[in-house]
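The stops below can be selected one after another.

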Amino acid sequence: MSALDNTLLEDILRQARPLIGQGKVANYIPALADVPAERLGIAVCTLDGTVYQAGDAEERFSIQSISKVLSLTLAMTRYHESELWQRVGKEPSGQPFNSLLQLELEQGKPRNPFINAGALVVCDMLETRLTAPRQRMLEVVRSLTQQPEINYDRHVARSEFDHSARNAAIAWLMKSFGNFANDVPKVLQTYFHYCSMTMSCVELARCFLYLANHGRSLGQEAAVLTPKQTRQINALMVTSGMYDGAGEFAWRVGMPGKSGVGGGIIAVVPGEMSIAVWSPELDGSGNSLAGTAALELLAERIGRSIF
Ligand code: DON
């Protein structure tokens, strides 16, 4: 077993780098297609706040669906359990992240909060209970990372809104079943802004430390979530964080994880550390290809798995 340090992380990136070229950078949003495919970064934050890093760990990128963990976190602090899970399920979907198939068969109730349909319902709920959901999200993330300049990339958000047919269809379908309260374009805007947030691996590892630390962030008096809510989010990340690639990810990496089509993945070793990787090329499920490999290598080298 290897000790966790910057040299280990550099070694892991050296081993994962040859995989670049085998995946595909997301191009369904023009603003994402321009990101250089050879970027590769990793950062690990341990419970005492120590950060280890290698590669392009300080370059910001579009966090995309990783934001779904943050919107769920926010919703869990604003809604009672019974209200929240009546609108969205807790089961893996086994379908691509933007699928409409199950939604019609299951009367507009999304399988889980990490597929697009589920995240849109969560954003709809935030729209109902928060006066300024976009501003509130920035406040939360800035305080979790201690980085006051974290922001939305308005170019990416705009680009998504201009190519939003599928997400709009998902939202309208849910509205037709009575599972969507607010104005669809307004909620889509909030959702796209959340997805467009740009953060680096170092910032992501710091941001999600609360998932490794029983709901507590470093340097914050109040807990982000209760220990029980934290276990629940980690459980959902294991079963649904990687969409139809969740089984493969659990098999290879053995940690709760959440991906985004910007090529980022966050992963958690409960009670020990939060990890963020970035490599823009994706596999067939929309998860970072070299990023997953880097996490698999890290899990093996430091001998960690939740199983
Ligand atoms: O809704 C979308 O299409 C994107 N903004 C987010 C999708 C995403 O990141 C899926 N993750 N792998």
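Two residues count as in contact here if their C-beta atoms, placed from the backbone, lie within 7 Å. The model is a predicted one.

**Stop 1: Glu272**

Select Glu272, in the loop between β8 and β9. Leaving aside residues up to four places away in sequence, Glu272 touches Thr46, Leu47 and Ala212. Is Glu272 buried, exposed or partly exposed? Glu272 is partly exposed, because 15 other C-beta atoms lie within 10 Å. For a distance to draw, take Pro227: Glu272 and Pro227 are 45 residues apart in sequence, and their C-alpha atoms are 14 Å apart in space.

**Stop 2: Ser274**

Move on to Ser274 in strand β9, residues 273-278. Ser274 has 26 other C-beta atoms within 10 Å and is therefore buried. Which residues does Ser274 touch, not counting residues up to four places away in sequence? They are Cys45, Ala205, Phe208, Leu209, Leu211, Ala212, Ile266 and Val268.

**Stop 3**

Colour the chain by domain, with domain 1 as 6-63 + 198-302 and domain 2 as 66-195. The C-alpha centres of the two domains lie 20 Å apart. Across the boundary, 33 residues of domain 1 are in contact with 31 residues of domain 2. On the side of domain 1 that touches domain 2, at least two residues each come from α2 (30-33), β6 (197-199), α11 (201-207), α13 (227-240) and β8 (264-269). Helix α13 gives the largest share of that side, 5 residues. By class, the side of domain 1 that touches domain 2 has 17 nonpolar, 12 polar and 4 charged residues.

**Stop 4: the ligand**

Centre on the ligand and show what surrounds it: Gln64, Ser65, Phe97, Asn98, Asn116, Glu160, Asn167, Cys195, Ser259, Gly260, Val261 and Gly286. How many residues of this shell are nonpolar, polar and charged? The shell divides into 3 nonpolar, 8 polar and 1 charged. Domain 1 and domain 2 each provide at least three residues of the shell.

**Stop 5: helices α6 and α9**

Keep Asn116 and Asn167 selected from the ligand shell, and extend to helix α6 (residues 116-129) and helix α9 (residues 165-176). Two packed helices are described by the angle between their axes and the distance between the axes. For α6 and α9 the angle is about 65 degrees and the axes are 10 Å apart. The crossing of α6 past α9 is right-handed. On the α6 side the contact is made by Asn116, Ala117, Leu120 and Val121, and on the α9 side by Asn167, Ile170, Ala171 and Met174. The residues of this contact are 6 nonpolar, 2 polar and no charged.

**Stop 6: two positive phi angles**

Select Gln107, in the loop between α5 (101-105) and α6. Gln107 is not a glycine, yet has a positive phi of about 55 degrees. Gln107 counts as exposed because there are 11 C-beta neighbours inside 10 Å.

Finish at Tyr243, in the loop between α13 and α14 (246-252). Tyr243, also not a glycine, has a positive phi of about 55 degrees. Is Tyr243 buried or exposed? With 24 other C-beta atoms within 10 Å, Tyr243 is buried; the cut-off for buried is 20 or more.

Definitions and conventions. Residues are numbered from 1 along each chain as its sequence is written. This is a predicted model: local features need pLDDT of at least 70, side-chain atom pairs count only at pLDDT 80 or more; totals for chains, interfaces and linings use all residues. Axes are lines fitted to C-alpha atoms, for helices over the stretch in contact, and angles run from 0 to 180 degrees between N-to-C directions. Helices (H or I, at least four residues) and strands (E, at least two) are DSSP runs, numbered from the N terminus. A crossing is left-handed if the near helix is turned anticlockwise from the far one by less than a right angle, and right-handed if clockwise. Ala, Val, Leu, Ile, Met, Phe, Trp, Tyr, Cys and Pro count as nonpolar, Asp, Glu, Lys and Arg as charged, and the others, Gly among them, as polar. A residue is near a molecule or strand if its C-beta atom, placed from the backbone, lies within 6 Å of it. Domain bounds come from an automatic or database domain assignment. A residue is buried if 20 or more other C-beta atoms lie within 10 Å of its own, exposed if 12 or fewer, and partly exposed in between; C-beta atoms are placed from the backbone.
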